[in-house]
Amino acid sequence: MGRRVFAERNYNVCGKVVPYNDFKMFIDTPQGFKINEELYPRIIAQGEKHLAAEIPQLIASDFMMFKRDGNRSIYESKFFPRRGMVLELALAEYIEGKGRFLDKLIDVLWLILEETTWVLPAHNPGKEGVNTCLPYAYTGHVDYIDLFSATTAATLSFVYHLCHDKFDTVTTIINDRLLFEINRRIVEPFMSDPDLFNKMWWSGIRGNEVNNWCPWIVSNILTVCALTVKDQAVRTMMVQKSLPMLDAFTAVYHSDGGCDEGPSYWNAAGAALYNACVVLYDITNGYVNVYDDPLIKNMGEYAVKVVISHNRVLNFADSPCRTNPNPVLLYHWGKSCNSEMMTTFAQSRMGGKLPAMGPDTGMPYRSFKFMCMETPEAAEYNAPSKFWFDGIIIAGTRENSDPSKGLYLALKGGHNAESHNHNDLGNIIVFADGNPMFIDAGSGKYTRRTFSGERYTIWAMSSDYHNCATFNDIVQKPGRQYCSSDEVYDETSGKLTLNLTKAYPVECDLEKYYRSAVLENGEIVIEDDVELKNDGKVMFSYLVNKAPEEVGEDHFVLYGRKVSFDPSLEYKLEEIDSSWPEVAGIHRSWETDVMRRITLTSKAPVKAKKYVMTIK
């Protein structure tokens, strides 16, 4: 499908990896590692906040909750704040340098080093014959790296980089223990033999498809390598080993750079690859440099193109409806890749002011680079009138470059085996004057059920709770075989036509189904060409965040826009159950007390018919 970007350039990093004692961060930044002094007061204030705060305690019963009832949030609500505390205290001590933060920093650091595992309960791997409701890594042997063991190690690598001299004034044991634990939990498993490493599916070493875990983990392991690994042979091998793993990630991407995991995952998917690129550039003194590759540029521009208005995004897949692509990230990425779209978008969002930034425990390397930036000038950004991702099959059109004015339309095809997939083929999103008309509910809270065989029992992931069709009361199913085909995109009008026949199982009794959508001359036209094998039932669903202002026999009015539909369809409005833990918070993100679904259902059995909906 995609390309192996690093392999194409035949990189051999032997002799190219900068030795530990010579390594410098951010070599392409004029001032290198020099934190912008405008951020000092906030950094010190964050450190002071932690001085009197209690350190969250991680207990066994919290860890066991995930296996018992699927709850992962209670343990994580204590796990992640520890990481934030240790990094913010370290940075405050580094900036101030008076020892005021040192004892509390050591307290938090030591507790993290004492944790049996840095792997989350939801990621705790199974072990044959053992109930793994608790971690089994207490023997000292670590055979698995997950997202957050890698982020923990990267975070502690920065703690070491910032404060190792300070720790030695107390005792050398602190640095020795810190480096020992990073080596035991990350470096040794990463450098292990292929049979052991084969367990770590995210590496792509088995030839399998990977997702955001791959670049996210690899970029943080590269951070560990850059800041803590002193053996030159190990440094070189870690860098060389990372390249085919990152290629496993680029290989699942189409040239359009579209992220099938959704906009909220872009920060940890394509943008995690960018994080890896930043570390690779520094650790090889610019030798590994793929910033000029069009795929890398397109991955960044994806995040800009899917912004609908302000902080509303085109939230297909597991993404909430509100997420802001980081303007500082986009600014740096745009400068690296020479993308005017990214840089002007970022400058317009920053408005000539440096955002309130701090260290990010998810991807600390790039976050520290951002804290070293100078304030860029403001700029005007005009959103593109059309976009077309021909790999993930999403087309969008807007009537006005001002997102608060005019109509906005997007239509999705693809397949139902995407990473973080929702069964949503044919899903249509419509905004009017910045207001959400037809919406994708998005994702809520993750539980054990979210990533299990029960995933599609959650209404927010089922096609009948997306803006899709249902035939004979049978919904779409998950799997790559359930897909769109024969896609036709008109570059002039932005019209997308999808053959969605394969999106539905055979029991739907479906002979043919095409959906098209276009925004032209101030009007959206949606056409559904349906043919069943026998007389049957057709239903179209549309999710809304409020009840229409007016309803007639063949139309309704929503946000002041008239939606006309075929009079052979029966209109119904219903409230959607928001009590499920997996959908908690969705309605609030859409600024409503309750989500609603409009259904338009055939009043009489139908075999073949073309339905036309207009919005104007």
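Buried here means under 20% relative accessible area, exposed means over 50%, and partly exposed lies in between (1.4 Å probe, protein chains only). The model is predicted: local features need pLDDT of at least 70, side-chain atom pairs count only at pLDDT 80 or more, and totals for chains, interfaces and linings use all residues. Residues are numbered from 1 along each chain as its sequence is written, and side-chain values use heavy atoms, with hydrogens and water left out.

**View A. D528 and R515 form a salt bridge.** A salt bridge is a side-chain nitrogen of Lys or Arg within 4 Å of a carboxyl oxygen of Asp or Glu. Here the N to O distance is 2.6 Å. Helices (H or I, at least four residues) and strands (E, at least two) are DSSP runs, numbered from the N terminus. D528 has 3% relative accessibility and therefore counts as buried. R515, at 1%, also counts as buried.

**View B. E181 pairs with R185 in a salt bridge.** The closest N and O atoms are 2.9 Å apart. Both residues belong to helix α7 (residues 172-190). They are 4 residues apart, about one turn of the helix. E181 and R185 are both buried.

**View C. D293 and R9 join distant parts of the chain.** Their side chains meet in a salt bridge, 4.0 Å from N to O. D293 lies in the loop between α12 (270-283) and α13. R9 lies in the loop between α1 (5-8) and α2 (40-51). The two residues are 284 residues apart. D293 is buried, at 3% relative accessibility, whereas R9 is partly exposed, at 32%. Both belong to a network of salt bridges that links R3, E8, R9, D292 and D293. Across the whole structure, a search finds 37 salt bridges.

**View D. G15 is in the loop between α1 and α2.** With a relative accessible area of 79%, G15 is exposed. G15 and Q232 are 217 residues apart in sequence. In space, their C-alpha atoms are 9.6 Å apart.

**View E. Helix α13 packs with helix α14.** The helices span residues 294-305 (α13) and residues 327-337 (α14). Their angle is about 145 degrees, and their axes are 10 Å apart. Axes are lines fitted to C-alpha atoms, for helices over the stretch in contact, and angles run from 0 to 180 degrees between N-to-C directions. From α13, the contact uses I296, K297, M299, G300, A303 and V304. From α14, L330, W333 and C337 take part. Contact means heavy atoms within 4.5 Å. By class, there are 7 nonpolar, 1 polar and 1 charged residues in this contact. Ala, Val, Leu, Ile, Met, Phe, Trp, Tyr, Cys and Pro count as nonpolar, Asp, Glu, Lys and Arg as charged, and the others, Gly among them, as polar.

**View F. Five strands form an open sheet with antiparallel pairing.** The order is β3-β4-β5-β7-β8. Two strands pair if DSSP finds at least two bridges between them. β3 (386-389) and β8 (435-438) stand at the edges, each with a single partner strand, so one side of each has no neighbour in the sheet. From one strand to the next, the twist averages 15 degrees. β3 and β4 (residues 394-398) run antiparallel and are joined by 4 bridges. F389 stands opposite I394 in β4.
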